[in-house]
Amino acid sequence: MPRSIKSTPPRLAEKLLLRVVRDDLGEEVLGDLEEKFYATAERKSAWKAKLNYWYQVVNYLRPFALRKSKRSKNSNNIDMYINYIKTAGRHLRKNKLHSFINTAGLSGGMAVAILIGLWIWDELSYNKYHENYDHVAQVIQNVSNNGEIQTWRTAPYPLAEELRSSYGSDFKEVILASGQWEMIIAAGDKKITKTGLFVEPNLPEVLTLKMMAGNRNSLQEPASILLSQSLAKAYFGDNDPVGQQLQLDNRMNVFVTGVYEDLPGNSTFKNVSFFAPWQLYYDATEWIRTMNDPWRPNAFQVFVELPENADLNAISAKIKDAKLKKVNPELAKKQPALFLDPMSNWHLYSDFENGVNVGGRIKYVWLFGIIGGFVLLMACINFMNLSTARSEKRAREIGIRKAIGSHRSHLIAQFFTESVLVTCLSFLLSVIIVQLSLPFFNEVADKQIAILWNNPVFWMIGIGFTLFTGLIAGSYPALYLSSIQSVRALKGTYKAGRMATIPRKVLVVVQFSISFILIVGTLVVFKQIEFARNRPLGYDSNGLVAIPLLTSDIHKHFDAVKTELTNKGVIVEMAESESPMTSTWSTTSGFDWPGKDPALSVDFPTVGVSFDFGQTIGWEVTQGRDFSKDFGSDSSAVILNEAAVAFMGLPSPVGETVKWFGDPLKVVGVVKDVIASSPYEPVAPTVYYVNNDPGNYVIAKLNPTVSGSDAMATVEAVFTTFNPSQPFEYQFVDEAYVRKFGNEQRIGKLATAFTSLAIFISCLGIFGLASFVAEQRTKEIGVRKVLGASLFDLWKLLSRDFAALVVISSLVSIPMAYYLLTGWLDNYEYHTTLNWWVFVVTLAGTLVITLATVSYQTIRAAMVNPGRSLKSE
Amino acid sequence: MKETKLGEFEEVLLLLVGILGEEAYSFKVAEEFESQTKREVSIGAVHSTLNRLEEKGFLESEMGQATAERGGRRKRIYTITASGQRALETSRDFRVSLWSQFPAFATGKLNFG
């Protein structure tokens with residue numbers, strides 16, 4: 001019958017079936033199906049038969065017929081692994097204290113490393129949000145001032161046009177931008193002061209803003225503005241912001257033409273809430289339009305986008321003199337040399353010394369990277385130390401396992417499984433710790449960091465490191481202990497030799513040296529902060545408030561405001577100033593004095609103040625007198641600070657006539673240096689003059705008998721009456737001054753946190769080690785006790801070793817700490833000294849902590865009844 | 001302990017094995033099932049059930065002859081065991097008892113109106 005049919009069952013289906021079906025069923029099943037096939041082919045058609053064959057094959061995929069997987073066929077292996085895990089679990093539970101120390105120490109170290117890693121990641125990804133990151137640069141300049149080279153990030157505004165017209169082929173875009181300025185933004189009655197930039201229309205494209213509404217090309221019209229998403233929401237809620245009208249600084253009317261996604265915390269433009277057209281600002285600002293030499297004020301920024309693959313250095317060299325060619329002879333003395341600062345350098349490499357880049361924040365990236373690496377290293381050392389210390393107690397287990405037939409490779413697998421298990425546990429714990437501590441960390445570090453849950457690199461590094469630590473930590477028991485002869489191990493004659501403790505001691509020394517350096521470092525950071533904070537300010541910042549003025553309303557009614565506030569008893573004095581106390585806003589190069597070297601170009605900060613300024617801030621006049629309304633001539637008088645007098649080399653400055661852009665001014669007094677910029681740097685030679693124009697700030701001295709908040713409420717009420725168009729804002733000068741230490745304080749806080757963790761981890765390590773030693777010497781202690789040793793003798797005996805280790809560590813680390821910290825302090829011109837007592841305190845502290853840690857174990861061991869310890873075996 | 005109750009499909013297959021006698025192997029049972037009940041069934045389903053019945057002890061099997069139409073492969077012939085027979089009888093008796101308890105059926109005249 002089958003002979004009459006040409007076709008055969010589909011071979012592929014047959015093969016498939018044979019592959020999945022149990023071996024013993026293959027024959028009968030194939031036979032049945034083949035019979036079915038020919039029967040169907042006979043009755044219907046060959047094609048139907050084939051189809052039916054497949055149908056039958058699929059219907060054989062039933063549990064009873066399927067081949068069982070190899071694993072379940074031979075269950076030995078899995079049982080073995082389950083046993084490994086079970087034994088590991090039992091050991092963890094049996095030695096609860098050690099397990100806890102081990103996992104806590106390692107997960108703590110890992111958590112620190114992850115946190116620091118995330119922080120570094122965030123720092124290194126700074127500005128990478130902008131897609132043109134690789135080929136955007138800022139045009140900045142080196143200028144020669146007061147005999148040194150300074151680097152300015154600002155530029156005069158015609159520079160952009162000059163670069164476009166004379167060097168246009170080198171750039172894809174040249175963008176002029178204002179500084180990041182605060183502006184009052186008003187929509188109806190709602191007024192908010194926000195930071196923004198006035199820019200040429202293509203900046204959004206260069207910065208690749210992600211538009212939520214409108215497009216990047218919406219700044220063409222002067223009366224347009226792009227808002228950040230959060231600002232748009234603050235004003236218009238869920239309504240469509242596009243087309244809405246706003247007013248900037250009470251004088252510029254604009255329509256919202258676009259909304260962009262908020263820039264992330266790791267962007268140079270993170271605080272920028274709006275972008276408005278440069279043209280708008282230009283049209284509305286008289287002094288810019290009418291100034292006689294627009295090349296003079298360096299108040300603006302120029303950004304460029306380079307074509308891809310352009311050579312930044314070559315273009316830098318090309319444009320070097322672009323400004324020099326245009327400026328007047330007096331400014332040319334400054335030898336302004338332009339160059340390009342690539343976006344990748346803005347954040348991490350922002351410090352220049354004598355015109356040369358000397359790094360910047362990158363040093364903190366290194367600093368924390370090293371701390372993180374060290375803490376992690378310490379945690380690993382501990383982990384290995386304790387793991388190996390414990391594992392020696394397991395020689396007997398190894399003997400028994402060998403006796404009942406365990407192969408060496410099985411023992412190796414067992415110990416590796418065990419240590420990898422613990423490291424994996426620690427990794428999980430550390431991720432949890434990181435997640436819980438991130439809010440605190442972000443606050444201290446001033447960041448918005450989150451765990452990179454979706455980043456494969458993060459997981460790869462994390463898991464790779466976990467496995468690596470597990471393998472290293474497990475290698476001693478796995479590779480060495482598994483090789484001991486089972487007879488010796490079972491007899492209990494196996495004992496680690498004297499030499500076995502040496503690597504462990506070395507590890508402890510390394511650990512303590514690291515802790516030592518970290519402790520000294522933290523102390524010095526705080527000493528430096530304290531030192532700079534105690535530096536005499538040159539004025540009394542107590543109860544001093546700086547209130548920004550964005551309109552001239554207060555200036556016009558200055559006396560009325562002052563009288564009202566004084567009458568209400570909330571202030572004692574009040575003055576106007578060009579800049580807040582904590583910085584100076586303008587500098588001048590046009591200063592001349594008798595005996596000045598004509599080739600020298602200078603750059604003095606200048607502060608325009610009202611008559612009562614000195615009275616208000618309480619500065620100290622050392623020569624001559626303060627400004628006074630009683631002298632009509634004081635409108636052309638100046639006061640110099642001591643730094644200026646020293647710089648000019650005037651023997652008797654009071655009464656001297658100096659010139660400012662040719663105008664003669666009389667020096668009426670000299671004041672003690674007022675710290676206005678960095679507290680770590682010497683005060684710049686500064687010129688104070690009487691300014692009759694509206695100031696940028698009101699500086700008020702509050703009445704010390706009234707509480708600050710009450711006083712400010714009254715001040716706010718009065719200011720708002722006289723200056724209704726501006727939202728009232730203020731800052732306490734002492735608080736603003738403390739903010740200058742923000743960076744150092746942040747570092748101090750972080751360093752404290754990490755150092756405490758490092759100490760904690762070291763202590764855990766030494767604690768574990770001490771308990772191990774105490775246990776090993778139980779019998780010795782018993783014998784000594786029987787022979788009459790006192791508790792104190794025994795404590796001394798056991799603690800001595802550890803104290804010696806600490807002393808050795810400090811000897812190793814003192815020179816290193818000294819070297820590192822002198823380097824760090826040298827970054828600050830005004831810095832504290834590295835006293836010997838810092839080291840002594842650290843050493844004493846470390847010794848006390850160590851002995852305290854060890855004592856718990858040693859005293860416990862020494863108190864045991866010798867009868868019991870001698871009997872035990 | 002395996003389930004010793006018979007399902008409907010199981011019962012039919014068990015009977016078919018008895019009917020087919022020497023020829024009771026998966027393919028033939030499936031063919032017979034289709035021709036007797038006019039219902040489609042896959043050989044796999046039949047095989048699976050026969051296998052289960054064997055596990056329950058109602059069937060036993062041994063490898064039989066090889067024939068040409070099955071590519072020279074042997075077939076597995078199933079035969080009913082004593083307990084299989086008992087199970088069938090129990091099942092039949094149970095139904096007969098149910099029938100006899102229903103007066104309308106007992107008369108043999110079904111009148112569903």
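## A right-handed helix pair in chain A

The crossing of α17(A) and α18(A) is right-handed. This is a predicted model. Helix α17 covers residues 408-445 of chain A, and helix α18 covers residues 456-480 of chain A. The two helices pack at an angle of about 140°. Their axes are 7 Å apart.

Which residues make the contact? On α17(A), they include I412(A), F415(A), F416(A), V420(A) and F427(A). On α18(A), they include G462(A), L467(A), G470(A), L471(A), G474(A) and P477(A). By class, the contact of α17(A) with α18(A) has twelve nonpolar, seven polar and one charged residues.

The crossing of α29(A) and α30(A) is right-handed. What classes of residue does their contact hold? The contact of α29(A) with α30(A) has 17 nonpolar and six polar residues, but no charged residues.

## Strands around β24 of chain A

Strand β24 spans residues 687-690 of chain A. Strand β19 (residues 604-609) pairs with β24(A) in the parallel sense, over four bridges. One bridge links V609(A) to V690(A) in β24(A).

Strand β21 (residues 637-641) of chain A pairs with β24(A) too. Here the sense is antiparallel, and there are three bridges. I639(A) has Y688(A) of β24(A) as its bridge partner.

## One loop residue: T551(A)

T551(A) lies in the loop between β15 (544-548) and α21 (553-556) of chain A. T551(A) has 17 within 10 Å, so T551(A) is partly exposed.

What does T551(A) touch? Leaving aside neighbours within four places in sequence, T551(A) is in contact with N250(A), N723(A), S725(A) and Q726(A). Take N250(A). T551(A) and N250(A) are 301 residues apart in sequence. In space, their C-alpha atoms are 8.3 Å apart.

## Chain A as a whole

Chain A has 873 residues, and 37% of them count as buried. There are 31 helices and 26 strands in chain A. Now look at contacts in chain A with a separation of 6 or more. Residues 24 or more positions apart account for 81% of them.

Chain B has 113 residues, and 26% of them count as buried. Its secondary structure comes to five helices and two strands. Along the sequence, the pattern is α-α-α-β-β-α-α. Among contacts in chain B between residues at least 6 apart in sequence, 44% join residues at least 24 apart.

How many residues does each chain bring to the contact between them? Chain B brings 17 residues, and chain A brings 19 residues. On the side of chain B that touches chain A, α2 (26-37), α3 (43-56) and β2 (73-80) each supply at least two residues. α3(B) gives the most, with five residues. By class, this side of chain B has five nonpolar, six polar and six charged residues.

Methods: Residues numbered from 1 in each chain as written. Chains lettered and ligands numbered in written order. Predicted model: local features only at pLDDT ≥ 70, side-chain atom pairs only at ≥ 80, totals over all residues. Contact = placed C-beta atoms within 7 Å. Nonpolar A, V, L, I, M, F, W, Y, C, P; charged D, E, K, R; others polar. Axes fitted to C-alpha atoms, helices over the stretch in contact; angles between N-to-C directions. Left-handed = near helix turned anticlockwise from the far one by under 90°. Buried ≥ 20, exposed ≤ 12 C-beta atoms within 10 Å, placed from the backbone. Pairing = 2+ DSSP bridges.
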